[in-house]
Amino acid sequence: LIAMSVPTAHPILSLYRNPLSQVVKFLEVRHRDSFHVYNACPELPYPVTQFEALGGKVVTFDVQDHTPPTMAQFLQFLQDAREMKKRRPDS
C-alpha cells in the first residue's frame, strides 16, 4: 500500500505534488498490472488513461476536501483492496 498526494501533470503544481509522469513510471517499473489508484480528491482530477494502459485500475471516491469519507466509502475501499489482494497476493 502506497499513500501519496494527488498526482499532477501541471508543471507548477508538480513543485509540491507528485508529478504524474514520475508516478506512472514508478508504477510501470514496480507494479505493472497489479495496482489500484484510489482517488479521494475529486476537486483535483488527473488523467487516468496512463494508469489504465499499465493494467492498473483507478477508483474514485467523492470525498470533499477537509472532510472524512463516509462509512460506506470507507467500507467500499476496504472491500476493493481486499479483493485485489486476494487476486494478487504478491502485490
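## The largest pocket

The largest pocket here has a volume of about 940 Å³. A pocket is an open set of points on a 1 Å grid over the protein atoms alone, where a 1.4 Å probe fits and protein lies on both sides within 12 Å along at least five of seven lines. The volume is the space filled by probe spheres set on those points. Bear in mind that this is a predicted model, where local features need pLDDT of at least 70, side-chain atom pairs count only at pLDDT 80 or more, and totals for linings use all residues. Numbering runs from 1 along each chain, and side-chain values use heavy atoms, with hydrogens and water left out.

Helix 3 gives the most, with six residues.

## Glutamine 73

Helix 3 also holds glutamine 73. This residue is buried, at 15% relative accessible area (buried means under 20%, with a 1.4 Å probe and protein chains only). A polar atom of its side chain sits 2.8 Å from the backbone nitrogen of threonine 70. Beyond its neighbours within four places in sequence, glutamine 73 is in contact with Phe61, Asp62 and Val63 (heavy atoms within 4.5 Å).

## The overall fold

Three helices and two strands make up the list of elements, in the order α-β-α-β-α along the sequence. These are DSSP runs, with helices (H or I) of at least four residues and strands (E) of at least two, numbered from the N terminus.

Note on methods:
1 Å grid on protein atoms, 1.4 Å probe; cavity = no way out; pocket = protein on both sides within 12 Å on 5 of 7 lines; lining within 4 Å. Buried < 20%, exposed > 50% of the residue type's maximum accessible area, 1.4 Å probe, protein only. Polar contact = N/O pair within 3.5 Å; in protein donor to acceptor, adjacent residues only side chain to side chain.
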